[in-house]
Amino acid sequence: MKLGLAAAFLGATLLAGTASAADKRWDGADDLPVNPLACSAGEASAAPAAKPYDGGRPSNAADKAGKPITLVDVPKLIGIGYFNATSKGMQDAAKALGNVTVKTDGPTEAKIDEQIKFIDNYITSGVDGILFAANDPVAIAPVLKKALSKGIHVVGYDANSSPDAREWFVNQAEFNGIAKSMIDSMAKEAGEDKSFAIVTSTFTTPNQARWIAEMWAYAQKCHPKLTWLETVEAQEDNNLSFNQATTLINKHGDKLAGLFGMTSVATPASAEAVTKAKLCGKVAVVGLATPNAMKPYVNADCVKSVVLWNPVDLGYAATYVMRAVVDGSLKPGASSVDAGKLGKLNVVNGSEILLGAPFIFTKQNIKDFDF
């Protein structure tokens with residue numbers, strides 16, 4: 001993004017996030033129903049209602065059960081550590097399966113129009129299956145439905161589309177589980193009665209919007225004295241994320257005790273902003289990021305908690321799910337799927353496969369991971 005546009009965008013988003021009300025969802029949250037987890041481990045949570053299969057179905061897909069298949073993976077963007085890791089997981093799975101070829105390709109910026117072009121081109125050239133992580137759940141739906149209409153299997157991971165535009169979605173962690181880990185960490189590190197702000201990608205990015213909605217709900221229930229200040233958008237741009245975090249620090253001064261980074265770009269950029277401002281130990285940074293990007297800040301004691309899952313495992317699981325769909329061993333109504341070294345993964349929410357619980361990287365364990 002050009003600097004002039006970035007500055008204008010930065011100012012506009014800061015103004016947009018100034019509303020505050022305990023009973024109003026935070027900016028960046030979606031309007032979908034929320035299901036906050038229990039505050040403590042021993043307390044029961046309300047179980048969500050079981051849903052029937054709500055995914056799409058390909059038209060006249062070729063019978064490739066047990067046969068070699070060619071897949072393309074089109075993530076939000078390529079060239080960042082997070083999607084390099086999911087791509088590695090796909091290659092690992094392809095090697096383990098022995099009858100899958102998968103290629104990762106996509107835009108170098110998280111732009112939905114560009115992502116749609118890539119998918120459309122691969123529909124034309126011909127593949128057996130498309131793996132995707134959506135930049136926009138609604139805008140991507142028509143091109144995914146086009147793929148289904150051409151007999152191409154479609155499986156999402158990381159960021160979902162409208163359910164009927166793909167067959168299955170591999171969910172890296174349940175949204176309310178991520179929300180609990182994020183809010184509990186912030187309350188522990190910044191303080192129960194402190195104020196925080198959020199640096200997200202865009203207000204319409206599906207994962208971030210869902211996490212923020214569940215974070216809002218869990219904070220109301222379990223940490224009601226925490227105060228949200230505002231949410232700002234930073235795309236998934238490193239410079240813009242750093243600038244937004246720096247502006248939040250300057251704008252709120254001593255009132256700001258914590259920053260949430262909602263993307264693998266925003267979290268290290270926020271940590272860098274806190275470091276440059278010499279506020280390590282005074283402004284907590286809690287967020288989603290890859291361990292390699294956060295090691296300098298965690299090892300320097302500027303960041304104590306990094307919440308994530310293993311993106312290598314996420315790519316690995318998505319490939320196994322696609323293989324199972326093509327083979328016919330994963331069908332609507334199934335309760336689990338075999339994911340190789342990951343074991344059996346459970347079906348949740350109708351047509352989603354749950355990878356597992358979120359993982360928290362700390363100074364004690366972050367050295368054990370390399371992605």
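Me: What is the order of the strands in the open sheet of 8 strands?

Reply: This is a predicted model. In it, the strand order of the open sheet is β2-β1-β3-β4-β5-β13-β12-β11, and the pairing is mixed.

Me: Which strands are at the edges?

Reply: The edge strands are β2 (100–104) and β11 (336–338), each of which pairs on one side only. From one strand to the next, the twist averages 25 degrees.

Me: In what sense do β12 and β13 pair?

Reply: Strands β12 (residues 344–348) and β13 (residues 352–354) are antiparallel, with 3 bridges between them. Opposite N346 stands L354 in β13.

Me: Which helix lies across β4?

Reply: Helix α10 (residues 311–327) does, running at about 155 degrees to β4. The strands that α10 lies across also include β1, β5 and β12.

Me: Changing topic: which residues of α3 are buried?

Reply: They are I112, Q115, I119, Y122 and I123. Seen down the axis of α3, these buried residues line one face of the helix, because they fall within an arc of 105 degrees.

Me: What covers them?

Reply: The cover over the buried residues of α3 includes β1, β2, β3 and α4 (141–149). On the other side of α3, D113, N121, T124 and S125 are exposed.

Me: How many residues does α3 have, and what comes just after it?

Reply: Helix α3 (residues 112–125) has 14 residues and reaches 20 Å from its first C-alpha to its last, close to the 20 Å expected. Just after α3 comes G126, with a positive phi of about 100 degrees.

Note on methods:
Residues numbered from 1 in each chain as written. Predicted model: local features only at pLDDT ≥ 70, side-chain atom pairs only at ≥ 80, totals over all residues. Heavy atoms only, no water. Pairing = 2+ DSSP bridges. Helix = DSSP H or I, 4+ residues; strand = E, 2+ residues; numbered from the N terminus. Axes fitted to C-alpha atoms, helices over the stretch in contact; angles between N-to-C directions. Contact = heavy atoms within 4.5 Å. Expected span 1.5 Å × (residues − 1). Buried < 20%, exposed > 50% of the residue type's maximum accessible area, 1.4 Å probe, protein only. Arc of directions from axis to C-beta.
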